[in-house]
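Subject: Structure for your files

Dear colleague,

Here is the structure I said I would pass on. My notes follow below it.

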Amino acid sequence: MDHRDEINSILTGASGWTRAEILGLVDEGRGTLDPRIYTDERLYQLELERIFGRAWIFVAHEAQIQKPGDFFATYIGEDPVLVVRQKDASIRVFLNQCRHRGMKLCRADAGNARSFTCSYHGWAYNTAGDLVSVPFESDAYFNEIDKKQWGPVQTARVEVYKGLIFATWDHNAPSLDAYLGEAKFYMDAFLDRMDGGTEVIGGVTKWVIGCNWKFAAEQFCSDMYHAPVSHISPTIAALPDGIPAEFAKWPDKGIQFRATAGGHGTGFFSGPEKFIPVEEREDRLLLGLIGPQAGKYYARESREACRGRLGDVRADRINGAHMTIFPSLSFLPGVQTLRAWHPRGPNEIEVWALTVVDKNAPPEVKEEYRLGVMRTFSVGGMLEQDDGENWVMIQKGLRGFKSRQAHFNSGMGKGHAKADDPDWPGVIGNVYGEEAARGFYAHWGKMIATDDWASLYPAEVKTKAAE
Ligand code: FES
Ligand SMILES: [Fe+2]
């Protein structure tokens, strides 16, 4: 059996899906999606194993675990993990599961610990994840247990990009740097605008909605098309006082980025004139969404600092942006919400949202962001509810039979994107397009269908990422 046959038999045996069937669910040539990708329980199990079990997954911001012993409890897919700052300042990420009978070994959401003691029978682990004590060790185990063998399962690797901590279970995964590739160019306009980088303000907002995780991740990856329609009420009908009516007209052009490999994507409007009238130097989108301090800060200090660090193109031409790092990390640069879409079966997600701001922003700007993000993109946020309602209604419809038979159209802008733009790395199309969605779903299919990282990230992409 060669390597390919082996994967084919794993797919067919465990899931009933063959490699060819999985690759056929997402037909990039025709621009179609098979609706079963959002509902099928067997595909979902493959996602947990072959995507969340192998990809680099965002687990925390460094600001959440600053001191030795600081920990944050989160998930990689459905696997509970602890992210723990070590005594030597390194970071470990390991399964939040006791090796005796599988109880969560830490039940707190976050904090500082010297050790983690399981609340079921009392096995205790140090912050590195070594089993250090078991109750009644001599009477119950006759001192025969080899504690070195019974620490929680550790992730294979942990790496940080500009404050964001990622972990992977796969020893063969490419470096985080190569995994992010061209997407780093765009991430920097969110994470590296100023000296000092970013920090998290407030806590983590968590809520559950009834939709497949890919609806959320794909929208932040690729979908500006919904904004002038779905968000008409908060951004147009309910414009704050003092915002001119012409603001209600959305621009018709902008940039969409599809990673050459890797499934990442972003989109934004690319002219400053609508958002930042030169004579006023206020970002009107942010002024409307977040408030006057943020509108001025983003158009002035933050933008000039960004110009100095990253140049004119990113300082002036990234406005109103959305972004997804494959598979499940998304953010809105400018609005400053960042979230993980944790899958909970094919039909549900937990959204975990953070507000991330420039560390050196003035306190009044940070406070306005704290309140503004709650008002717009948070559990009760005006714009968040527009998005969530769409995704939940789609998912409810997919409970039918006929509703899962006809393919969806993902062909917007097909054949009109180019890979040689002098200013923008990656494959570039218009902001109203689905090039990045096609990249997201194509990568999804390839990750499930192949074990071979080299074919997912061909050599020329690695070279580009290293530039
Ligand atoms: S399950 Fe943790 S000590 Fe028994
Ligand atoms: Fe939206």
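How do the residues of the lining of the largest pocket divide into nonpolar, polar and charged? They divide into eleven nonpolar, eight polar and three charged (Ala, Val, Leu, Ile, Met, Phe, Trp, Tyr, Cys and Pro count as nonpolar, Asp, Glu, Lys and Arg as charged, and the others, Gly among them, as polar).

The model is predicted: local features need pLDDT of at least 70 and side-chain atom pairs pLDDT 80 or more, while totals for chains, interfaces and linings use all residues. Residues are numbered from 1 along each chain as its sequence is written, chains are lettered from A and ligands numbered from 1 in the order written, and side-chain values use heavy atoms, without hydrogens and water.

Pocket. The volume of the largest pocket is about 460 Å³. A pocket is an open set of points on a 1 Å grid over the protein atoms alone, with protein on both sides within 12 Å along at least five of seven lines; a cavity is a set where a 1.4 Å probe fits but cannot get out; lining residues have an atom within 4 Å of a point. Volumes are the space filled by probe spheres set on the points, which are joined across faces, edges and corners. Of the 22 lining residues, Phe215, Glu218, Asp223, Ile394 and Glu434 lie nearest the pocket's centre. Helix 7 gives the most, with four residues (helices are DSSP runs of H or I, at least four residues, and strands runs of E, at least two, numbered from the N terminus).

Cavities. The whole structure has seven cavities of 30 Å³ or more. The largest holds about 280 Å³, and Met224, Ala227, Gly320, Leu332 and Phe377 are the closest to its centre among 22 lining residues. Strand 16 supplies the largest share of that lining, three residues.

The second largest cavity has about 80 Å³. Domain 1 (62-159) and domain 2 (182-466) both give residues to its lining, so this cavity lies between them; the bounds come from an automatic or database domain assignment. Strand 18 contributes four residues, the largest share of this lining. The C-alpha centres of the two domains are 34 Å apart.

Eight strands form an open, antiparallel sheet in the order 13-19-18-17-16-15-14-21, where pairing takes at least two DSSP bridges. Its edges are strand 13 (198-209) and strand 21 (427-430). Strand 13 pairs with strand 19 (residues 349-358) over nine bridges, and Ile209 stands opposite Ile349.

Regards
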